[in-house]
Amino acid sequence: RSTLFPYTTLFRSIIDLHPNLDKAIDYLYEHRKDNFDLGRYEVDGDKVFLLVQENTLNQEANDQFEYHKKYADFHLLVAGHEYSVYGSQMVDEAVAFDEEADIGFVHCQNHYPLLLGYHNFAIFFPEEAHQPNGYAGLEENVRKYLFKVLID
């Protein structure tokens with residue numbers, strides 16, 4: 001059905017996890033674009049929005065993991081490869097949580113790398129520590145869609 005995403009069955013299988021996540025996925029199907037311009041796109045006000053980014057990947061060692069309290073991050077790679085790392089068993093706070101920006105940084109005892117490439121995605125729910133934009137040994141830059149999805 002979609003020229004943008006060959007993984008129709010996989011995306012449809014995560015539908016109904018949360019109504020706002022459904023809106024993000026539906027937005028991808030409705031627009032079927034693989035070349036959004038950089039910037040922010042409103043999907044449903046502050047409940048769901050899309051940030052189209054081109055990021056230079058981090059090649060430095062980093063032991064800080066970000067987390068959010070209100071929003072899930074839905075990362076979808078559209079060009080390049082990156083490592084995202086999922087962290088578990090938070091040890092301590094590295095940078096105090098900023099309520100307005102909905103972001104804080106922690107150290108984690110366990111790390112689980114995820115290699116993301118073209119049209120691979122990862123969803124990190126609130127309170128799930130993660131470290132996006134890691135260098136995967138290939139390209140130094142990636143293009144990605146980052147949906148911010150309010151989980152209420």
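Predicted model: local features only at pLDDT ≥ 70, side-chain atom pairs only at ≥ 80, totals over all residues.
**Entry 1: the S2 and S9 pair**

I then followed the two strands along, and found S2 and S9 (residues 141-150) pairing in the antiparallel sense over 9 bridges.

**Entry 2: the other partner of S2**

Next I turned to S1. Strand S1 covers residues 39-44 and S2 covers residues 48-56, and they pair in the antiparallel sense over 5 bridges. Here I noted Gly 39, which faces Val 52 in S2. What lies between S1 and S2? I found a hairpin with 3 residues between the strands. In that turn, Gly 45 has a positive phi of about 55 degrees.

**Entry 3: Glu 82**

Is Glu 82 buried or exposed? Its relative accessibility is 0%, and buried means under 20%, so Glu 82 counts as buried. I checked for a polar partner and found the side chain of Ser 84, in polar contact with the side chain of Glu 82 at 2.9 Å. Leaving aside residues up to four places away in sequence, I listed what Glu 82 touches: among them are Leu 57, Leu 77, Leu 114, Leu 115 and Leu 116. Pro 132, Asn 133, Gly 134, Ala 136, Val 142 and Lys 144 are also touched by Glu 82.

**Entry 4: the cores**

Which residues have the most contacts inside the largest nonpolar core? I noted Leu 50, Phe 74, Tyr 145 and Phe 147, in a core of 18 residues. Helix H2 (19-31), S2, strand S4 (71-79) and S9 each give at least two residues to this core. The largest share comes from H2, with 6 residues. I also came across a second, separate core of 7 residues, and Val 85, Val 106, Cys 108 and Ala 129 are included in it. A reminder to myself: nonpolar side chains tend to be buried together in soluble globular proteins.

**Entry 5: the whole protein**

Finally I stepped back. I count 2 helices and 9 strands, and from the N terminus the order is α-α-β-β-β-β-β-β-β-β-β. Of the 152 residues, 45% are buried. Among contacts between residues at least 6 apart in sequence, 76% join residues at least 24 apart. For the surface, I wrote down an accessible area of about 8000 Å², with 49% of it belonging to carbon and sulfur atoms.

Conventions:
Residues numbered from 1 in each chain as written. Heavy atoms only, no water. Pairing = 2+ DSSP bridges. Helix = DSSP H or I, 4+ residues; strand = E, 2+ residues; numbered from the N terminus. Buried < 20%, exposed > 50% of the residue type's maximum accessible area, 1.4 Å probe, protein only. Polar contact = N/O pair within 3.5 Å; in protein donor to acceptor, adjacent residues only side chain to side chain. Contact = heavy atoms within 4.5 Å. Core = buried A, V, L, I, M, F, W, Y, C linked by side-chain atoms within 4.5 Å. Areas by Shrake-Rupley, 256 points an atom, 1.4 Å probe, with all protein chains shown as cover.
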